Amino acid sequence: MKPKANDVILHTVTKLAAIIIFTFSIDLFWAGHHFPGGGFIGGLTTAAGIVLLYLSFDIESIQRNLPIDYKKMAAIGVLIAVFTGLAGMFYGDNFLEQTFGYFDLPVFGETELATAVLFDVGVALAVIGTAITIITSISEDEL
Amino acid sequence: MSFLHFLILLPFLACIFIPFIYKKLNIHLGWIVVFVPLFIFINYLLFIPSISKGNYHAFSMPWIPSLGINFDIYMDGLALLFGLIISGVGTLVVVYSIFYMDKNREALHNFYIYLLLFMGAMLGLVSSDHVLVLYTLWELTSVSSFLLIAYWYERKKSRAGALKAMIITVFGGLAMLAGLIILSIIADTYSIREMIANVGIIKESSLFIPALILILIGAFTKSAQFPFSIWLPDAMEAPTPVSAYLHSATMVKAGIYLVARMTPIFGGSATWFWLVSGIGLVTLMYGSFRAVRQTDLKALLAFSTISQLGLIMSLLGVGSAALYYTNGEAQTFYAFALFAALFHLFNHATFKGALFMVVGIIDHETGTRDIRRLGGLMAIMPATFTIALIGSLAMAGLPPFNGFLSKEMFFTGMLRATEVNMFSLEWLTSIFPVVAWVASVFTFIYCFILLVKPFLGELNQSRLPKEKVHEAPIGMLIPPIILGLLVVFVFFFPNLIGKYLLNPALYATLSAEVPAFEIIAWHGFGTELWMTIGVIVFGLLLFFSIKRWTIIFRVFPDQLSINSLYMSGLENMEKKSVSLTDRYMTGNIRHYLLYIFIVTFSVLIIALVGFDGISFDFSTNSYITIYDIGIVIAMVAAAFTTLLTTNRITAIVSLGAVGYIMVMLFVIFRAPDLALTQMVVETATTALFLLCFYHLPKLGKRIEKMKFKLTNLIVSILVGVTVTIMTLVATGHRLFTPINEFFENAYELAGAKNIVNAILVDFRGFDTMLEIAVLFIAGIGVYTLIKLRPKGDDSQ
């Protein structure tokens with residue numbers, strides 16, 4: 001094995017940048033309802049952050065610190081999307097009929113809560129899971 | 001379901017039980033099976049009294065009532081005549097097969113199931129009034145005949161014969177189906193009786209001739225008429241009981257039956273007259289001519305069957321002229337030919353069945369059917385010889401056998417054909433008696449060959465495969481003896497069957513009143529008698545000088561026979577389709593893409609031009625800004641770089657450039673969500689492209705100039721132009737107001753200010769759900785492709 005170079009700067013910058021990227025992606029995700037963004041792009045930027053971690057550290061240590069099975073994550077995402085659609089049917093609505101309402105929450109004040117956000121969570125999880133699955137399985141492949 | 005239905009379905013019922021009882025039997029299965037045709041035969045006999053009075057019996061059984069398809073049975077003289085032949089000869093054939101087929105060595109259950117299937121199909125076919133049921137059973141006779149011909153399926157020739165019979169008869173059957181469908185569309189009914197009642201409408205229809213020709217193709221293929229006769233000699237690979245039953249007495253007469261049944265509909269038209277009588281005569285001549293040179297007894301009988309079927313067919317053709325005349329006298333004049341056809345049909349079933357059984361006996365006892373090896377069997381097999389004598393003299397048309405009567409009537413019919421004056425080409429009919437006479441001379445010759453070669457002369461034991469040749473067992477002789485007795489009986493009492501069977505059948509065929517005909521054995525020194533005497537004299541002369549004139553057969557080389565035409569035709573068809581498929585199915589994806597693109601733009605352009613759709617309307621277009629122009633120029637430049645570069649990595653990067661310029665386009669056109677997504681996706685795909693590039697195998701790493709093909713250039717330009725035109729035309733012609741106003745209510749309806757996202761997750765959430773499913777499947781696909789590779793195969 002080739003001796004590893006000492007990537008101190010890369011590691012330090014990555015640690016800082018990853019936090020910013022994750023924050024930004026969560027912002028994109030939440031903004032989606034009213035501003036550009038949403039589940040898809042939010043998921044993709046989260047995935048980009050994780051890929052950055054993979055790039056600067058090695059796959060094993062990231063797996064150890066983020067013990068997530070991304071295949072399952074993708075599957076859970078799809079399932080969430082389907083079940084939010086099914087949930088509406090229990091209330092006599094059509095499949096995938098979304099609803100929203102305004103609630104007075106203790107900390108946030110008057111807040112809009114929409115079932116569409118749950119659906120978006122599914123989208124985001126599916127996107128993150130799929131993207132990371134593809135990238136890690138290709139990179140782990142010994143050619 | 002009536003009793004008659006039960007009778008017709010009885011063979012099928014019996015088929016179901018055979019496999020269950022077969023293994024438990026100690027006696028020959030045939031002893032059980034024989035009761036089926038016997039029972040049917042006896043019950044059919046009981047119909048004679050009422051049907052000979054001119055009655056008919058009609059029964060209906062619903063099959064698919066919603067489509068008007070019912071198993072309608074119509075029992076009249078014609079159906080009864082055929083039904084009696086089928087069940088009667090069927091009984092005798094089953095008895096014969098008990099002694100012919102070895103109990104221990106043969107798969108008897110298969111044999112009898114196929115035979116019963118055939119019998120039931122044939123019985124239903126001749127009694128069916130519904131054309132589609134008739135067709136169904138017609139095909140069932142083809143299928144069961146196929147199974148029977150290939151009964152000894154381990155023999156190559158059996159399989160080849162079965163295949164050929166199948167191809168030709170199914171070809172005809174399908175043509176017939178088309179004809180029957182056309183006919184039922186014209187007449188607006190499926191019932192043959194109702195078609196006959198509406199014959200006026202049918203005759204006036206423009207589809208009359210197509211229906212006629214298609215139905216005749218069916219009849220001709222089944223009845224082995226010229227040029228479809230080639231399957232019959234090859235069908236002789238079947239066991240002899242099958243040949244005797246199917247290929248002489250019953251199935252080959254299905255076509256005859258169809259022609260007779262359709263005569264009231266099509267008869268009286270010139271096309272029908274010329275086709276049926278002309279093809280019949282050609283077949284008669286061809287069959288008798290070819291039969292003379294055969295050395296295999298069964299092949300000889302096969303060609304003689306072809307010839308005799310041609311005879312019957314030509315009489316049916318001449319007889320159809322009866323329907324042209326409304327005047328009773330002229331009608332009777334030609335109806336006599338139909339009567340002769342039916343009479344000969346009956347006679348042929350008797351003597352040909354007997355002759356096949358005789359040949360089977362010879363084969364069974366000596367081990368060969370080759371007339372060059374046989375000889376002198378008369379003394380050893382006196383009973384077989386007597387039957388052969390009766391059968392072949394009846395076929396040759398000599399007294400005192402039934403063939404004499406029908407041959408005389410055949411000559412009468414052909415002589416009367418010369419007086420047909422209602423169709424053009426009158427001169428042609430004067431050839432009819434000549435052809436008939438010449439063919440009869442040949443018939444006489446081959447009948448004598450059949451009689452003389454195996455039975456007279458010296459017995460040469462060394463040439464025979466079997467050691468001790470002796471007379472057949474009595475059980476094998478009984479069926480041909482019965483048929484032989486019938487041959488003689490009919491000569492002496494022809495009017496018995498004439499009155500009870502043939503006249504009702506004639507009435508059914510003609511569907512018009514004609515006075516009943518009497519068959520007279522002796523009718524003075526008429527032209528017909530002199531013709532018969534001429535046949536005998538010339539036949540004997542030619543028979544004894546046969547070695548001198550067989551040279552003429554060499555004039556017709558085998559390469560020109562219909563059989564070799566058929567074989568080379570099949571071979572060529574196979575070769576041509578293989579080469580055609582090889583030519584366009586190259587296995588090269590580039591070629592398939594070319595086909596797809598060419599078809600796509602051709603269809604689009606043809607549709608655009610054909611519907612006069614090329615018109616542009618730019619009035620609603622918005623203004624073009626300087627940014628738009630800049631972006632388009634940049635994009636075109638990047639696209640051309642991708643196309644023209646010789647370096648793979650340049651292509652990847654310039655493709656990425658196209659993607660990022662697209663992001664700018666989205667920004668300019670105010671689509672932030674699209675721009676964001678496009679940017680991330682473009683990054684990901686470019687990374688993946690680079691990954692692919694990095695992993696390309698070293699050996700195949702050839703950075704070469706893209707193979708520039710002119711066709712590719714032209715096709716790609718045409719596709720681009722087509723799509724551009726389509727887009728321009730489509731944007732200029734907005735048929736409806738867009739529905740985007742509805743989505744502008746996103747905040748009220750979905751509580752979202754981001755319209756795009758509201759559409760994605762709320763208004764059209766279903767699409768999104770399936771898209772993430774697609775994404776998920778793609779991820780799992782990549783994962784399985786990489787992880788689940790077969791171990792130890794790293795080269796690919």
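A salt bridge is a side-chain nitrogen of Lys or Arg within 4 Å of a carboxyl oxygen of Asp or Glu. By this rule Asp234(B) and Lys164(B) form a salt bridge, at 2.5 Å from N to O, and the count over all chains comes to eight. The model is predicted: local features need pLDDT of at least 70 and side-chain atom pairs count only at pLDDT 80 or more, while totals for chains, interfaces and linings use all residues. Residues are numbered from 1 along each chain as its sequence is written, chains are lettered from A and ligands numbered from 1 in the order in which they are written, and side-chain values use heavy atoms, with hydrogens and water left out.

- Helices (H or I, at least four residues) and strands (E, at least two) are DSSP runs, numbered from the N terminus.
- Lys164(B) is buried, with a relative accessible area of 4%, whereas Asp234(B) is partly exposed at 26%. Buried means under 20% relative accessible area, exposed over 50%, and partly exposed in between (1.4 Å probe, protein chains only).
- Arg193(B) forms a salt bridge with Asp129(B), with the closest N and O atoms 3.5 Å apart. This pair links distant parts of the chain, 64 residues apart: Arg193(B) is in helix 9 (residues 192-197) of chain B, and Asp129(B) is in the loop between helix 6 (108-127) and helix 7 (131-149) of chain B.
- Asp129(B) is buried, with a relative accessible area of 2%, and Arg193(B) is partly exposed at 31%.
- In the salt bridge of Asp296(B) with Arg369(B), the closest N and O atoms are 3.2 Å apart. Asp296(B) sits in the loop between helix 15 (270-292) and helix 16 (297-319) of chain B, and Arg369(B) in the loop between helix 17 (328-366) and helix 18 (382-396) of chain B, 73 residues apart.
- Salt bridges that share partners join Asp296(B), Asp363(B) and Arg369(B) into one network. Asp296(B) is partly exposed at 23% relative accessibility, and Arg369(B) is buried at 18%.

**Nonpolar patch in chain B**

- Leu13(B), Ile16(B), Phe17(B), Phe20(B), Ile21(B), Ile27(B), Trp31(B) and Ile32(B) make a nonpolar surface patch of about 760 Å². Patches are made of residues with over 30% relative accessible area and no salt bridge, with like charges joined within 9 Å and nonpolar side chains (Val, Leu, Ile, Met, Phe, Trp, Tyr) within 5 Å.
- The largest share of the patch, five residues, comes from helix 1 of chain B.
- Ile27(B) is in the loop between helix 1 and helix 2 of chain B and is partly exposed, with a relative accessible area of 45%.

**Helix 31 of chain B**

- The 23 residues of helix 31 (residues 710-732) of chain B should span 33 Å at 1.5 Å a residue, and the end C-alpha atoms are 33 Å apart, which agrees. The expected span of a helix is 1.5 Å times one less than its number of residues.
- Val715(B), Thr722(B), Val729(B) and Gly732(B) are buried in this helix. The cover over the buried residues of helix 31 includes helix 27 (589-610) of chain B.

**Annotated segments of chain A**

- An unreviewed UniProt entry places the feature "transmembrane region" at residues 12-31, 37-57, 73-93 and 113-138 of chain A.
- Residues 12-31 of chain A are 100% helix and 0% strand, with end C-alpha atoms 29 Å apart.
- Residues 113-138 of chain A are 92% helix and 8% strand, with end C-alpha atoms 39 Å apart.

Terms used
Contact means heavy atoms within 4.5 Å. Accessible areas come from the Shrake-Rupley method with a 1.4 Å probe; for residues, only the protein chains shown count as cover. UniProt positions are given in the numbering used here, feature names are shortened, and annotations may be inferred rather than shown by experiment.
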